[in-house]
Amino acid sequence: MRRVAEIGVPAVVLVVLALVPKVSLDIPVVLNGPLSSPGTLQLLALCLLFAGIALTYDVLFGFTGLLSFGHALFVAAGVYMTAIALTRWEWGLWPTLGFVVLVGLALPLVLGAVSLRVGGIAFAMVTLAFAQAGEVLVQKNPYGWTGGEEGTGLNYDQIPDAFVGVLNTKNLYWLALGYAVLVFVVVRLAVNSSAGHVWRAVRENEQRVEVLGLHPYPFKLIAFVLAGFLAVLGGIVWLLLIGGATPEVTTANFTLALLVMVVLGGAGTRFGAMIGGFLYTLLDQRLGSLSGSSEVQSLPAVLRVPLSEPLFLLGTLFILLVFFVPGGLASLPLRLRGLRSRRPPLPEEAAA
Amino acid sequence: MSTFVLLTITGLGLGAMYFLVASGLSLIYGLMGVLNFAHGAFITVGAYLAWWFGDQIGGGAGTRLVVGGALGIAGGALVAALVELVLIRPLYQRPIEQVLVTVGLALALGALVQGIWGADPKPFPVPSWMIETTTILGASVPNDRFVEIGIAAAVLVGLTAFLRYTRFGLVIRAGVENRGMVSALGIDVRRAFTIVFALGGALAALAGVLSGVYFSVVDPTRGTSLLIFAFIVVVIGGFGSIGGSAVAAVTVGLIQQYANYYASSGTGDLAVVLLLAVVLLVRPSGLAPRVAH
């Protein structure tokens, strides 16, 4: 029975998500057009993409206990290397993809090998610094490749026709869905492998792992490379979806948003990070247009100003979640069940 | 030669701001183990409050800067103390959650400032004598650089004296070394937590005001951009060490200025990141030992 639910629920969700472009259902308030309209599909594709990227971050933060502040660097590497190779160097699609895959393996390998030599807060700071270096590099605009603050457009000559144009937004949607599924499957396999068990042991108690005779370092490096590589792939999808590279993917705030997504959904759980990534992106996009609505604009300034800033609402929501739902949204069903059967409190409640 | 002197003094002025931000961060982390991402928001809030109060008061740029700046610093301290009491205090013993709350706070406060005052830079009141230049060894140096360096030096002396000669300073220094022992001796460390947060908030707001003078405008991203370099300064200088922060701040400020001029623009930031990587790999605990002095 459990086994059926374990495979059945994701399968049903997947089928429903895959059919979305075929349905012209209208969901008021949440979305501002029918499901099959290009605008809505674009938004949902972004949500799915961030569900995947958030899960790559969860491999580090939730499953291995590594607090990295530089994950944006890998997404940005995927975005910018693809855009530069296609647009500035005028490479073909396949050489470009091959090159980006190589970069996606080499970059996290080198940076991880260096930064994992320190742990805890020092690790957080080194990764933050590396990401900062990436941001500076993009702003510096070497040889006019990155386009500095304005970013760089995408040369569509080499992109398959199926991904070009507003009418083909549904294909981009499926691409984003495919990416989310790929990340989900790979992460599930990895977490359930023997390396995955060591990751969780490292998260719980690194010293105990050492006492048991295992070196945590190579296992942490595997997690770092896997997460970085999948994030680079996410960057490629991001580039196709947005249609250009912009420096916002290089900023520290981008990584902080990933952290918020993972904690929002529930770090180190099966679906938590994906739910968090999806909801955060949806809220971030929709709260912005909600604030432009006449209802909000007619409010007095004391209410209107905070309500028109999506990040203010998301930040506040995040703080409330950390305080009142420490396990994230994924822990809610368990909590509610616990309330009903008056079972003893969850471990983290007992600890607090 | 004159360029070198100008770069050196400008680098010291930049280092002065890094030091003001980093010293608060360093004390907070050293004492409480909280990596405070909201520190950037304290900078931004302080700078904007100073600008706003100055605007309300009116009068000459000097009056607006001094009165507005004082109120901005008080506001920064108040916001920081409130954050500690309301948001950080209930989460003692849960360090990851504390970091997460400061992350949420950084996002929310930054967005709030932008919502209230808009994303466009605001002109900061700078008295004309600060814009004028003084000639030193052939270099024309804007006078505001001396103000920044002087204030930071005064803060360094004052903070060191506070930590060394007052009872609170003693509790803070002891807490940085061994918090559990201080509690076991029957001293309420938590009062020191609030004081350190308020102090850090005031220093961050002061840095915000001085950055307003340095750049002659304030904008909502000011806090974040200063904060990242302040983090680097704290790590290089060693957590909990005021002296270490001062040395690291000056080093970072100077390297940035020299490399940006003599190599190319932007190289300075990369050089600083490289320095951080090297320091961490050679001495993971930072340059100074973990003692507040």
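**A:Glu90 is exposed, with 11 other C-beta atoms within 10 Å.** Exposed here means 12 or fewer such neighbours, buried means 20 or more, and partly exposed is in between, with C-beta atoms placed from the backbone. What you're looking at is a predicted model, where local features need pLDDT of at least 70, side-chain atom pairs count only at pLDDT 80 or more, and totals for chains, interfaces and linings use all residues. Residues are numbered from 1 along each chain as its sequence is written, while chains are lettered from A and ligands numbered from 1 in the order in which they are written. A:Glu90 sits in the loop between helix 3 and helix 4 (93-115) of chain A; helices (H or I, at least four residues) and strands (E, at least two) are DSSP runs numbered from the N terminus. Although A:Glu90 isn't a glycine, its phi is positive, at about 55 degrees, and that comes just after helix 3 of chain A ends.

Look for A:Asn141 in the loop between helix 5 (120-140) and strand 1 (152-153) of chain A. With 16 C-beta neighbours inside 10 Å, A:Asn141 counts as partly exposed.

**Helix 11 (residues 272-291) of chain A runs for 20 residues.** Its reach, first C-alpha to last, is 27 Å, close to the expected 28 Å. The buried residues are A:Gly272, A:Ala273, A:Met274, A:Ile275, A:Gly276, A:Gly277, A:Phe278, A:Leu279, A:Tyr280, A:Thr281 and A:Ser291. What covers them includes helix 2 (38-63), helix 6 (169-192), helix 10 (252-265), helix 12 (294-297), helix 13 (301-307) and helix 14 (310-324) of chain A.

**Here chain B meets chain A, with 30 residues of chain B in contact with 34 of chain A.** A contact is two C-beta atoms, placed from the backbone, within 7 Å. On the chain B side, helix 4 (95-117), helix 10 (222-237) and helix 12 (267-282) are the elements that give two or more residues. Helix 4 of chain B brings the largest share, 13 residues. By type, the chain B side splits into 22 nonpolar, 5 polar and 3 charged (Ala, Val, Leu, Ile, Met, Phe, Trp, Tyr, Cys and Pro are nonpolar; Asp, Glu, Lys and Arg charged; the others, Gly among them, polar).

**Helix 2 (residues 39-57) and helix 4 of chain B come within 8 Å, axis to axis, and cross at roughly 20 degrees.** Axes are lines fitted to C-alpha atoms, for helices over the stretch in contact, and angles run from 0 to 180 degrees between N-to-C directions. The two helices are therefore roughly parallel to each other (under 35 degrees; over 145 is roughly antiparallel, 65 to 115 roughly perpendicular, the rest oblique). Their crossing is left-handed: the near helix is turned anticlockwise from the far one by less than a right angle, whereas clockwise would be right-handed. Helix 2 of chain B puts in B:Gly40, B:Ala41, B:Thr44, B:Val45 and B:Tyr48, and helix 4 of chain B answers with B:Leu105, B:Ala106, B:Leu109, B:Gly110, B:Val113 and B:Trp117. That contact divides into 8 nonpolar, 3 polar and no charged residues.

**Helix 10 and helix 11 (residues 242-262) of chain B cross at roughly 125 degrees, their axes coming within 8 Å.** That makes helix 10 of chain B oblique to helix 11 of chain B, and the crossing is right-handed. From helix 10 of chain B, B:Phe229, B:Ile232, B:Val233, B:Val234, B:Ile236 and B:Gly237 meet B:Gly244, B:Ser245, B:Val247, B:Ala248, B:Ala249 and B:Val252 in helix 11 of chain B. The tally for this contact is 9 nonpolar, 3 polar and no charged residues.

With 29 C-beta neighbours inside 10 Å, B:Ser26 counts as buried. Leaving out residues up to four places away in sequence, B:Ser26 touches B:Val234, B:Gly237, B:Phe239, B:Gly240, B:Ser241, B:Ile242 and B:Ser245.

**Helix 6 and helix 7 of chain B pack at about 85 degrees, with their axes 5 Å apart.** That makes helix 6 of chain B roughly perpendicular to helix 7 of chain B. B:Phe162, B:Leu163, B:Arg164 and B:Tyr165 of helix 6 of chain B meet B:Gly169, B:Ile172 and B:Arg173 of helix 7 of chain B. The contact has 4 nonpolar, 1 polar and 2 charged residues. The buried residues of helix 7 (residues 167-177) of chain B are B:Val171, B:Ile172, B:Arg173, B:Gly175 and B:Val176, and their cover includes helix 1 (2-32), helix 6 (144-165), helix 8 (179-184) and helix 9 (189-215) of chain B.

Methods
Expected span 1.5 Å × (residues − 1).
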